[in-house]
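Here's a quick tour for anyone meeting this structure for the first time. Have a look at it, then read on for the main points.

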Amino acid sequence: GYARFGVAYTDDVSADTNSTDVTSRFRLNIDATAESDAGVTFGARVRFQQNNSDEGTVDAGADDEFGTDDDVKTGGPAGTKMNGARFFARSGGLEVGVGNIYGAIEFMPGMYPIDLGLTGLGYDYTAYAFKADAYQSGSSGAAGSNGVEVMYSMGDFGMHLSASDTNDRVAAHVSYSVAGYTFALGGQDSDSDADTEFAVSASGTMGPADLTLAYADNGTTGKRTVLAATFDVGAATNVQAYVADDDSQDDTGYGIDFNHSMGGGTSLRGGVAKRLNGDTSADLGVRFNF
Amino acid sequence: GYARFGVAYTDDVSADTNSTDVTSRFRLNIDATAESDAGVTFGARVRFQQNNSDEGTVDAGADDEFGTDDDVKTGGPAGTKMNGARFFARSGGLEVGVGNIYGAIEFMPGMYPIDLGLTGLGYDYTAYAFKADAYQSGSSGAAGSNGVEVMYSMGDFGMHLSASDTNDRVAAHVSYSVAGYTFALGGQDSDSDADTEFAVSASGTMGPADLTLAYADNGTTGKRTVLAATFDVGAATNVQAYVADDDSQDDTGYGIDFNHSMGGGTSLRGGVAKRLNGDTSADLGVRFNF
Amino acid sequence: GYARFGVAYTDDVSADTNSTDVTSRFRLNIDATAESDAGVTFGARVRFQQNNSDEGTVDAGADDEFGTDDDVKTGGPAGTKMNGARFFARSGGLEVGVGNIYGAIEFMPGMYPIDLGLTGLGYDYTAYAFKADAYQSGSSGAAGSNGVEVMYSMGDFGMHLSASDTNDRVAAHVSYSVAGYTFALGGQDSDSDADTEFAVSASGTMGPADLTLAYADNGTTGKRTVLAATFDVGAATNVQAYVADDDSQDDTGYGIDFNHSMGGGTSLRGGVAKRLNGDTSADLGVRFNF
C-alpha cells in the first residue's frame with residue numbers, strides 16, 4: 001500500500017470561497033493468493049483505505065436512495081472498514097475476476113495517462129469521467145458494486161470484458177501495441193444515459209515526452225477529450241501536464257505537477273490544476289510506498 | 001484464512017422462486033500469541049470476514065430489538081469490520097477461553113461431520129441447528145456474544161464446558177475415542193425453550209467411508225438426526241453425502257457434493273442439497289487457503 | 001500490539017451498585033514506514049482496537065451533537081474498525097506528525113508515571129485529566145480529531161508543539177534531563193475553559209523507587225496533583241502506587257498494583273484503586289504482547 005500527506009488548496013468559484021487544508025490518505029492492500037499444481041493462481045485483493053475527508057454513516061433519507069439531497073448523517077465519525085474483495089483466477093494471459101471488479105473502461109490504457117500532484121487534483125484528465133465500473137476502495141464491503149470480468153492478453157494484444165449490477169453495465173475494451181505506441185478502444189452499454197458509451201485512446205513516446213490522447217463519449221455527462229504528457233526533467237524528477245475539454249462544461253481544464261523521487265519509495269509531489277468547472281486546486285506533500 | 005467464489009442456485013419452494021447468483025467469501029484470520037517461560041500460551045483470534053451477502057447497518061426500529069419485523073436499514077452498504085476476539089490461555093491439554101467463545105455444543109465431535117459443497121448449502125447436517133453458542137465471524141465485535149469456556153483433553157478423553165450471556169447458556173460435552181471410533185455426549189441449559197438441550201454423536205471409519213451419526217434435541221426447534229459419510233474416490237477427490245431428519249419439518253433433507261483438490265491449497269467444490277424446508281440448493285466454485 | 005483479559009470489579013458509590021465483569025482488550029498496531037535516501041523516515045501508524053465494552057453506532061439525536069443526552073443508538077452491535085492514522089516524517093531528533101497526533105500535553109514526561117493494574121483503573125494518576133489532544137484508538141477513523149505537531153529532541157533536551165481543530169488547541173511542552181532526573185513543563189491554549197492550561201512534572205530514581213510528581217491546572221476541570229512510585233520487589237515483579245488530589249473532587253485518590261512478568265512478553269497484573277469520585281475499582285488478569 002501507500003500513504004500520503006500534505007496540504008491542499010481549493011478555490012471554489014461558484015461558492016466564491018477558498019480553503020487550505022491538511023490532506024492525507026492511508027491505503028493498506030492485502031493480497032491473498034494460492035497457486036494450484038496446474039499453475040492457476042487464485043487470489044483475492046482487499047484494502048483498508050482512509051482519507052482525511054471520510055465522513056460518518058449516512059441515512060438515505062425519505063427517498064431511500066443514497067446520494068440524493070435528503071441524505072442525512074446518522075452515525076458518529078466514520079471508522080475505516082475493509083472494502084469489497086476482488087476474487088480472481090489467473091492462468092497465463094487469462095484472468096477471470098469476480099466481486100469488486102476493475103471494470104473494462106476504467107482499466108483500459110490511456111484512462112489514467114498521468115498521476116497529477118499529490119491527490120490527482122480532481123482527475124479531469126480521466127476521459128471516461130468515472131461513468132463506468134471501477135475497483136472501489138471505499139468501505140462499502142461486499143454490499144457495494146459487484147460484477148464479473150474476463151481479461152486476456154496475448155503478446156501485443158489485450159482485451160477486457162466486464163459486467164456489473166450497477167446500471168446493468170456491460171463493457172469491453174481492446175488494446176494493441178505496435179512500435180512503441182498503444183491504441184485502445186472501448187464501449188459500454190448500460191441503463192443510464194449518463195454512463196460512458198464509447199472511449200478511445202492513443203499513447204506513445206515522442207522525443208522527451210510520453211504523450212497520451214484520449215476521448216470518451218460519456219452520454220449526457222458530456223464528451224471529453226484529454227491530452228496529457230510526462231517529461232523527465234532530471235534523474236529523479238518528472239513533470240506532468242494535461243489539457244482537457246468537456247462539451248458539458250464551460251471551461252477548458254489544464255494542470256501541471258512535479259514528482260521528485262527521494263528514494264526508498266518516497267517522493268515529494270505537488271501540482272496545480274484549473275478544473276473544468278472553473279475551480280482551482282493545488283496540493284503539495286509526501287507520498288511513500290510500503 | 002481462506003477465500004471462495006463461485007455460483008449458487010436456490011429453488012425456494014415456499015416463495016415459488018429460484019435464483020442463480022455469484023457467491024463469495026473472504027476470511028482473514030489473525031492469530032496473535034505469546035508464550036510464557038513456563039510454557040503457557042496466551043493468544044487471541046480475530047477475523048475479518050466478508051460474504052457477498054453482507055448487508056448495511058440496520059436500525060432496531062420502534063421496538064428497539066434487532067431481528068424483529070420493524071427493523072429498518074439506516075446506513076449505506078456495509079463495510080467489513082473486525083469480529084469479536086476470542087482470548088485464550090493454553091497449557092498442555094487445558095485451555096481457557098474468554099470472549100467470542102467456541103461453545104461446548106458447537107465444538108463437540110460430530111456436529112460438522114462433513115463440509116458440503118462450496119458454501120455448506122444450509123448446514124442441515126449440523127444436528128444442533130445452531131441453537132447453542134458458537135464463534136461468531138460477523139462484524140459485531142466485542143459487543144456480540146460473550147462467554148467463558150474451559151477445554152480439557154487427556155489422551156483419548158476430551159471435555160468442554162462453556163457459559164455465555166446469550167440466554168444464560170451453560171453447556172458441556174465429553175468425548176471418548178476408542179479403536180478408531182469417537183463418541184461424544186453434550187448437554188445445555190438455557191433460558192430459551194428453542195435452544196439445544198441434548199446432543200450425542202458417534203463417528204468412525206467403516207470400509208471405504210468415514211461415517212458419522214448425530215442426534216440433537218433442540219427443544220422447540222425440533223429433534224434432528226443426521227447420518228453423514230465421506231468417501232475417497234481418487235487420489236485428490238472425495239464425495240460427501242448426508243441424510244437428515246427433523247421432527248419440526250416436513251421433508252427429509254439430503255445432499256451430496258464433491259471436493260477435488262488442485263494442489264497448493266486450492267480446490268474445486270460443488271454440491272446439491274434438498275433442504276429440510278423443501279428448498280433445493282446447489283453450488284459450484286473454487287476455494288483457496290492462504 | 002497487545003491483548004489483555006481478566007476480571008474487573010467496580011463499586012460505584014453514587015449509584016450504590018457494584019459489579020464484577022470480564023474485561024478484555026485486543027490491540028493490533030500497524031506501522032508502515034519508508035526511508036528516503038537522505039535518511040528521512042516517513043511513516044503512518046494505524047490501530048485496530050477492541051474493548052469488551054465497545055458499543056454500537058449512536059445517532060447524535062435532535063441536537064446533532066454527539067456526547068449529549070439525546071444521543072440514541074441506531075445500529076446493531078459495534079464491529080471494530082481502523083482508527084485514524086498518524087502520519088509522520090522523522091529525521092534525527094526532529095519529527096513532524098499529521099492527523100491523529102500524540103499531542104504535546106499527553107506526550108510530556110510524567111503524564112503516565114505508572115501503568116496501574118490490568119486496565120489503568122481509571123487513570124486518576126494522569127495529571128492532565130485527558131483535557132488535551134491525545135492519540136485516539138477508537139474507531140472514529142480520519143473523521144476524528146485531527147492536528148499537526150512538531151517534536152524535537154537534542155541530547156537531554158526535548159520539546160513538542162501541537163495544534164488541533166478540537167477546541168482550537170495549541171499546546172507545547174519542554175523537558176530536560178539531568179543527573180537521572182527529568183523535568184517537564186507544558187502549557188496549552190484552547191477555546192474551552194475545561195481544557196488543561198498548565199502542567200509540570202519531575203521524575204527520578206530515589207533509592208529503590210522510581211518517583212514522579214506531577215501537577216496540572218485543567219481549568220474548570222480542576223487542579224490535580226499526583227505522586228506516583230514504582231518499586232521492584234523481585235527479579236520479575238514490581239509494585240506501583242499513587243496518591244492523587246484534585247480540587248474539583250471531594251476524595252483523595254490512591255491505588256496500588258503488582259505486575260509479574262511471566263516471560264515471553266506475558267505478564268500477570270492486578271491492582272486496586274480508590275477513585276477521586278469515591279468509587280473503588282479493582283482488576284486482575286493477563287496481558288501479552290505480540
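**A first look**

Chain A has an accessible surface of about 12,400 Å², and 53% of that belongs to carbon and sulfur atoms. Keep in mind that this is a predicted model.

**Chain A overall**

- Chain A is built with 18 strands and zero helices.
- Its radius of gyration is 20 Å, close to the 19 Å the globule rule gives for 290 residues, so chain A is as compact as a globular protein of that length.
- Along the principal axes, the C-alpha atoms of chain A fill a box of roughly 60 × 55 × 40 Å.
- Of the 290 residues in chain A, 49% are buried.
- Take the contacts in chain A between residues at least 6 apart in sequence: 46% of them join residues at least 24 apart.

**Salt bridges**

- Side chains of opposite charge can pair when their charged atoms come close.
- Over all chains, the whole structure has 30 salt bridges.
- One of them pairs B:Arg45 with B:Asp31, with the closest N and O atoms 2.7 Å apart. This pair links distant parts of the chain, 14 residues apart: B:Arg45 sits in strand S3 of chain B and B:Asp31 in strand S2 of chain B.
- B:Arg45 is partly exposed at 23% relative accessible area, and B:Asp31 is partly exposed at 46%.
- B:Glu149 and B:Arg86 also meet in a salt bridge, at 2.9 Å from N to O. B:Glu149 lies in strand S8 of chain B and B:Arg86 in strand S6, so the pair ties together parts that are 63 residues apart in sequence. Both B:Glu149 and B:Arg86 are buried.
- Over in chain C, C:Asp115 and C:Arg269 form a salt bridge at 3.7 Å, N to O. C:Asp115 is in the loop between strands S7 and S8 of chain C, while C:Arg269 is in strand S17, 154 residues apart.
- C:Asp115 counts as partly exposed at 29% relative accessibility, whereas C:Arg269 is buried at 9%.
- In chain A, salt bridges that share partners join A:Arg86, A:Arg90, A:Glu95 and A:Glu149 into one network.

**A loop residue in chain B**

- B:Asp156 lies in the loop between strands S8 and S9 of chain B, and at 48% relative accessibility B:Asp156 counts as partly exposed.
- Leaving out residues up to four places away in sequence, B:Asp156 touches B:Ser175, B:Tyr176 and B:Ser177.
- B:Asp156 and B:Ser175 are 19 residues apart in sequence, with their C-alpha atoms 8.0 Å apart in space.

Methods. Residues are numbered from 1 along each chain as its sequence is written. Chains are lettered from A and ligands numbered from 1 in the order in which they are written. This is a predicted model: local features need pLDDT of at least 70, side-chain atom pairs count only at pLDDT 80 or more; totals for chains, interfaces and linings use all residues. Side-chain values use heavy atoms; hydrogens and water are left out. Helices (H or I, at least four residues) and strands (E, at least two) are DSSP runs, numbered from the N terminus. Buried means under 20% relative accessible area, exposed over 50%, partly exposed in between (1.4 Å probe, protein chains only). Contact means heavy atoms within 4.5 Å. The radius of gyration is taken over C-alpha atoms; the globule rule is 2.2 Å times the number of residues to the power 0.38. Accessible areas come from the Shrake-Rupley method with a 1.4 Å probe; for residues, only the protein chains shown count as cover. A salt bridge is a side-chain nitrogen of Lys or Arg within 4 Å of a carboxyl oxygen of Asp or Glu.
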